[in-house]
Amino acid sequence: MIVVAGEALIDLVPQGTGALAPLQPALGGGPYNTAVALGRLGSPTAFCSRTSSDAFGEALLDGLRRAGVDVSLVERGTEPTTLAAATIDAQGSASYSFYVDGTADRLFTAPAGLPATTRAISFGTLSLALEPGASAYEELMRGAAGQGLFTALDPNIRAGLITDPDAYRARFKSWLPSVALLKLSEEDALWLGGTPREWLASGPSAVVITHGGDGLSAFTPDGTVYAVPGEEVDVVDTIGAGDTVNAALLHGLGAQDALSAEALAGLGADGWTKLLRFAARAAAITCSRAGAEPPYASELGPF
């Protein structure tokens with residue numbers, strides 16, 4: 001089982017471009033999208049979070065269940081669901097305004113334990129930036145790494161919510177010894193500072209950077225770089241594309257029995273190329289439709 005830890009929220013998705021386009025509620029949140037994508041791809045998946053008992057919270061849990069995701073690790077609270085209002089530019093890229101004060105996911109507490117079948121756990125996005133939940137997720141990350149679980153991190157930076165960028169960057173570096181796979185966008189990498197080589201020296205077994213329509217690159221500790229181009233697609237919007245990449249990488253690693261630091265180090269050119277191409281195809285499908293709608297296994301074929 002792959003456990004995905006982090007927030008679930010409601011994306012208010014514009015039905016057009018510009019700040020005043022009508023908004024359509026949609027299920028979302030980086031970790032939530034990753035969990036749904038993993039479930040749709042057929043990976044045994046559990047979601048670890050705290051969601052509201054309001055109507056949006058119920059809809060979020062229903063979406064996980066429809067994707068085949070185990071929700072037994074989800075706490076519930078009476079606080080409202082977090083909202084993220086998106087704005088889409090002429091190129092289909094999304095920017096966000098967040099409504100997070102007093103919401104349920106911020107009050108997450110780490111579970112006493114993870115399912116015995118857990119092979120990997122993934123973290124990222126708002127859940128690692130907003131206290132008090134951020135400290136609880138950090139505790140879970142360090143504990144999982146200490147138990148030898150494969151840990152993945154997608155920072156998915158939302159700069160408008162980070163009140164002290166220098167403190168966050170320092171905290172990000174402190175997570176790296178507990179991370180096996182670091183995945184981030186080119187924009188995230190620029191905001192965080194540093195290089196894949198520097199990050200690899202701190203602990204991860206691989207760093208994957210997404211370059212939008214230009215594809216993906218994977219960096220390994222021996223200095224090798226593997227790269228694939230993006231898939232040609234008519235872009236509707238990019239909502240959930242990075243989350244889909246995250247899920248596709250974890251699914252593909254699981255299919256190759258490579259959810260360990262040692263196996264990741266021995267993946268080789270064929271394994272990495274196959275993995276990155278799979279992730280690029282999955283992300284392209286997500287970009288071809290509105291909102292975070294990652295593909296099903298039937299749309300991609302077997303890994």
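Arg 289 is partly exposed, with 25% relative accessible area (buried means under 20%, exposed over 50% and partly exposed in between, using a 1.4 Å probe and protein chains only). This is a predicted model, in which local features need pLDDT of at least 70, side-chain atom pairs need 80 or more, and totals for chains, interfaces and linings take in all residues. Numbering starts from 1 along each chain as its sequence is written, and side-chain values rest on heavy atoms, without hydrogens or water.

The side chain of Arg 289 meets that of Glu 299 in a salt bridge, at 2.9 Å from N to O (a Lys or Arg side-chain nitrogen within 4 Å of an Asp or Glu carboxyl oxygen). This pair ties together distant parts of the chain, 10 residues apart. Glu 299 belongs to helix 10 (residues 297-300), while Arg 289 sits in the loop between helix 9 (268-287) and helix 10. Helices here are DSSP H or I runs of at least four residues and strands are E runs of at least two, numbered from the N terminus.

Another pair is Asp 101 with Arg 106, at 3.6 Å from N to O. Here Asp 101 is exposed, with a relative accessible area of 66%. If you like clusters, have a look at Glu 131, Glu 138, Arg 142 and Arg 171: salt bridges link these four into a network.

## Helix 1 against helix 2

Helix 1 covers residues 30-41 and helix 2 covers residues 55-66. Their axes come within 9 Å and cross at roughly 30° (axes are lines fitted to C-alpha atoms, for helices over the stretch in contact, and angles run from 0 to 180 degrees between N-to-C directions). On the helix 1 side, Tyr 32, Ala 35 and Val 36 make the contact (heavy atoms within 4.5 Å). Helix 2 brings Ala 59, Leu 60, Gly 63 and Leu 64 to meet them.

## The sheet

What order do the strands take in the open sheet of 9 strands? Reading across, you get 5-4-1-8-9-10-11-12-13, with mixed pairing (strands pair if DSSP finds at least two bridges between them). Ignoring direction, neighbouring strands are turned by 15° against each other on average.

Helix 2 turns up again here, packing on the sheet where it touches strand 4 (45-52) and strand 5. Its direction makes about 175° with that of strand 5. Elsewhere in the sheet, strand 1 (residues 2-5) and strand 8 (residues 120-124) run parallel and pair over 3 bridges. Val 4 has Ser 122 of strand 8 as its bridge partner.

## A buried loop residue

Ile 157 sits in the loop between strand 9 (150-154) and helix 4 (165-175). At 9% relative accessibility, Ile 157 counts as buried. Leaving out residues up to four places away in sequence, Ile 157 touches Ile 162, Tyr 168, Asp 188, Trp 191 and Leu 192. The C-alpha atoms of Ile 157 and Leu 184 are 8.8 Å apart, with the two residues 27 residues apart along the chain.
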